[in-house]
Amino acid sequence: MSAILKGKEGTRHLLMGNEAIARGALEAGVAVAAGYPGTPSSEIIETLAGVSSQQNLYVEWSVNEKVAMEVAAAGSFAGLRSMCVMKQNGVNVGSDFLLHLAITGTRGGMVLVPCDDPGALSSANEGESRHFARMLEIPLLEPGDFQEAKDMIKWAFELSEQIQNVVMVRSVTRLSHASGNVVFGKLPEIEKNAFFAHEGPILDPIQGPMSSLPVVYKHGQQQKKLKQAVAEFEESGFNAYSGPPVPELLLITGSACFLYSKEAISLLGVEDRVGLLKLGTTWPLPPKLMEKYLGISDRILVVEEVIPFLEENIKIVAAELGPKIGPHTFFGKREGYLPQAGEMNSDLVIAALSKILDLTYEAVPQAYSARARELSGAGVPGRDLTFCAGCPHRASFWTIHNSLQMDGRQGFVCGDIGCYSMAILPTGFNTLKTLHAMGSGIGLASGFGKLAQFGMEQPVVAVVGDSTFFHAALPAVINAIHHQADITIVVLDNSGTAMTGFQSHPGLPVDAAGNAAPAIDVVNLCEAMGATVRVSDPFDPEKTQRTLFELFEFQGLKVLVLKQICALSPEKKAKKMFEVSVDENVCLGQTCGCNQLCTRIFKCPGLNWDNEKGVSSIDEVICVGCGMCASICPSGAIRKKEVA
Amino acid sequence: MQQETLPLDPYNVIITGVGGQGNVMASRILGNMLSRKGLSVTIGETFGASQRGGSVMSHLRISTGSTWSPQIPRGQCHLVISLEPTEAMRVLATYGNPHVNVLCNMRPIHAIGVISGDQQYPDLDAISTWITELSEACWFLEATTKALELGNPIFGNIMMIGAAAAIGVLPFDREDFEAVISESLPAEKRSLNLRAFDMGIRMVQSAG
């Protein structure tokens, strides 16, 4: 049995923030959970899926975040507790439905858990979900540590049922993907019965139909619900103050920034000068609580990540309370004490505090840090991002890049989100020329493919992953076919949502809980829509190139599906297809084709350049035996032998 | 439970390496051993894109008191466990201090800039000299080479954890390791992991 279930009430466990969130949902008696994979959120749904049969849960990896929100809302409408989970971008995807849902309201407790990625550690943006809480007029909670991540989720379900609306609990990478100690609560034994009551009058929130109509009346009701939430926030234990009764400076913070702030105050030894107000209920701010604490100091530092969301909301409250609490001086992002981009850490808080309190802080002796920087700066090579050894994407982009070069019409590739985004870097031969949201490569290609009337003759290629194809590419494909855009789509099918850890998607014969599920076939689907479709193996570069050239000849929408399982997939890992070796007598080294083609251009991490001998070699620790380098070696010096 | 003591509180450990070396697994095992002793443990780690051939660090904060932040502040690392030589240097540049201890696996993993010839990988003797200069105590181990003898380079991470037990700065031993892996690994995988742990202990003993 999973540790997440085994732990008894009162026992203490080391849990990842995402596991703590999942445990909180289980302690709340969640019945339906849906999401779309995205770092740093994925382990929440994975954890719940892993215990779904023991706990009578329905858990799914939905096709995208909007559908995930709809699936979760259906659970709530039928009286069950439901949760939907996604990374920050997912809230954008689902926001169209959310705007309606927030006015409509909910029945069974419904919690929305976006996991933001300040600093874009695993993202192509550092957008924030917090703004949606204000825009949608729903309560926002932000856990400040691992225990709170669990406890807050449980409370969020209760709050949602109390106000009959969706509640947002926002996590960040440094909580979701960090681990800490969590004391377990009780797992409830409750009956989960689903029934959707819909025969009552239109204005009856419990028995009537669920809709945002009549909008102005329902909107007013929604705002009353938000006031009820604020009343709860005034008393919430998730807001806490520590420090002197009248501090020189009041530091207001929340989320992971609470831990950074606490540590900064401790390292500077200013516990007697700085008060620390940690907020867990960050929107709407509870005015009585704010009056109490804004009243103890007239100097305020707000510590938060990226955009000054909390800071601006505090300034509004401070302005409203002005006659009671007097004027305040703010030290924050708008005043330049903290950056508005990138993630926070203790050192940034130390710098801000030192400036405000006029302190000097030296983490280590100046001579040491100068010497350490000098040695590492001079001697340590950078480590650029790269596709893994044996990654099918390296092989795919090798052929796409070479084909477009040989074609000679300055063709280009539009891309989107996945490991293959890295094809904008040297590891993918700088092949991607546009990189935006999920499915955007095909949407852009659809537009580029209609520019022939203005003289554009460049071949247009779009790449898309197999999971992304279902998530957001289908409407763009349909658009391109219907408008006869002349483009080639390459589906990089590596049999899973590889970047986030091989979650299932509709193209696979299995669901989130591991049960058999009908797979939707990309080839059949594209053919049925009217595309010209071919399939190849990226590890066969000759056939792949031939097929691409063949497709370039056709008019309209062409699809090439490149099928090869991800090198890190559980099926493939630790199973070499080939033993690869270099015949040193045949390797031409620097005199080969364009000078060390394999290491200088192809540069798979499984290859090495032997400086002494002037030949290429295979790193046995890294090579996974895909054999692609043997296919590209012009002199045939790289040999591959099938592993029995 | 008897309260464990730590040389410093919080005691800060960075496990560093390159994506694919089993760094995250090593940090979980170490964290679990210490958490079972009643200590408060926070682990900060980076997954995702940085995993693909990039540098991967796990920050462990170990305390008899409360939860600490998942990122160690500049200059505050007490023990570096490095699965790759240049990664130890990268960590020391930001988190090192004159009193830091370093355990370093000496098998290089070449970055693509080195493979392509755009950058040079430094001489291993030079790296040892630099690490020695920047630390109070250091141990250089051939964990990957030994792991290959066990049949899989991934065991290098467990050897480094065994080595960390042997230097004695943190309160855990072989029994704790056995207890943690008996919960997380299937029985057939335990004996090889225990052997790797023991080999790590011996490597420190023979180095010292």
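**Sheet, helix packing and chain contact in a predicted model**

In this predicted model, strand β16 (residues 412-415) of chain A pairs with β17(A) in the parallel sense, over three bridges. Within this pairing, Gly415(A) has Leu435(A) of β17(A) as its bridge partner. Both strands belong to an open sheet of six strands in chain A, ordered β17-β16-β18-β19-β21-β20 and paired in parallel. The edges of the sheet are formed by β17 (432-435) and β20 (532-536) of chain A, each of which pairs on one side only. From one strand to the next, the twist averages 25°.

Two helices of chain A were examined against this sheet. Helix α17 (residues 440-448) of chain A packs on the sheet and touches β16, β17, β18 (460-465) and β19 (487-493) of chain A. The direction of α17(A) makes about 165° with that of β18(A). Helix α20 (residues 541-553) of chain A lies across β19, β20 and β21 (557-563) of chain A, and runs at about 170° to β20(A).

Helix α20(A) also meets helix α16 (residues 392-407) of chain A. The axes of α16(A) and α20(A) come within 10 Å and cross at roughly 45°. An angle between 35 and 65 degrees falls in the oblique class, and α16(A) and α20(A) are therefore oblique to each other. The crossing of α16(A) past α20(A) is right-handed. On the side of α16(A), the contact is made by Ala395(A), Trp398(A), Thr399(A), Ile400(A), Asn402(A), Ser403(A) and Asp407(A); on the side of α20(A), by Pro541(A), Thr544(A), Gln545(A), Leu548(A), Phe549(A) and Phe552(A). By class, this contact of α16(A) with α20(A) has seven nonpolar, five polar and one charged residues.

Elsewhere in chain A, eight of the nine residues of helix α3 (residues 42-50) are buried, so α3(A) is largely enclosed by the rest of the structure. The buried residues are Ser42(A), Glu43(A), Ile44(A), Ile45(A), Glu46(A), Thr47(A), Leu48(A) and Ala49(A). Ile45(A), which is placed in α3(A), has 29 C-beta neighbours inside 10 Å and therefore counts as buried, the threshold being 20 or more. With residues up to four places away in sequence left out, Ile45(A) touches Ala33(A), Gly35(A), Val59(A), Trp61(A), Val85(A) and Ala512(A). A distance of 15 Å separates the C-alpha atoms of Ile45(A) and Ala149(A), which are 104 residues apart along the chain.

The loop between β2 (32-35) and α3 of chain A contains Pro40(A). The peptide bond from Thr39(A) to Pro40(A) is cis, with omega near 10°. A cis peptide bond also links Leu213(A) to Pro214(A), with omega near -10°; Pro214(A) is in the loop between β9 and α10 (215-235) of chain A.

Positive phi values occur at two residues of chain A that are not glycines, Gln596(A) at about 55° and Lys603(A) at about 35°. Gln596(A) is found in the loop between β22 (578-582) and α21 of chain A, whereas Lys603(A) is in the loop between α21 and β23 of chain A. Gln596(A) is buried, with 24 other C-beta atoms within 10 Å. Lys603(A) likewise counts as buried, with 29 C-beta neighbours inside 10 Å.

The contact between the chains takes 51 residues from chain A and 54 residues from chain B. On the side of chain A that touches chain B, at least two residues each are supplied by β9 (178-183), α11 (257-268), α14 (346-357), α15 (366-379), α21 (597-602) and β23 (607-610) of chain A. Of these, α15(A) gives the most, with seven residues. By class, this side of chain A has 25 nonpolar, 17 polar and nine charged residues.

Strand pairing also connects the two chains: β9(A) and strand β2 (residues 40-45) of chain B pair in the antiparallel sense over two bridges. Here Ala178(A) has Gly44(B) as its bridge partner in β2(B). Within chain B, six bridges join β2(B) to β3(B), and these strands run antiparallel; Ser40(B) has Ser63(B) of β3(B) as bridge partner. Strand β1 (residues 11-18) of chain B also pairs with β3(B) in the antiparallel sense, over eight bridges, with Thr16(B) opposite Met57(B). Eight of the nine residues of strand β3 (residues 55-63) of chain B are buried, so β3(B) is largely enclosed by the rest of the structure.

Conventions
Residues are numbered from 1 along each chain as its sequence is written. Chains are lettered from A and ligands numbered from 1 in the order in which they are written. This is a predicted model: local features need pLDDT of at least 70, side-chain atom pairs count only at pLDDT 80 or more; totals for chains, interfaces and linings use all residues. Two strands pair if DSSP finds at least two bridges between them. Helices (H or I, at least four residues) and strands (E, at least two) are DSSP runs, numbered from the N terminus. Axes are lines fitted to C-alpha atoms, for helices over the stretch in contact, and angles run from 0 to 180 degrees between N-to-C directions. Two residues are in contact if their C-beta atoms, placed from the backbone, lie within 7 Å. A residue is buried if 20 or more other C-beta atoms lie within 10 Å of its own, exposed if 12 or fewer, and partly exposed in between; C-beta atoms are placed from the backbone. Ala, Val, Leu, Ile, Met, Phe, Trp, Tyr, Cys and Pro count as nonpolar, Asp, Glu, Lys and Arg as charged, and the others, Gly among them, as polar. Angles under 35 degrees count as roughly parallel, over 145 as roughly antiparallel, 65 to 115 as roughly perpendicular and the rest as oblique. A crossing is left-handed if the near helix is turned anticlockwise from the far one by less than a right angle, and right-handed if clockwise.
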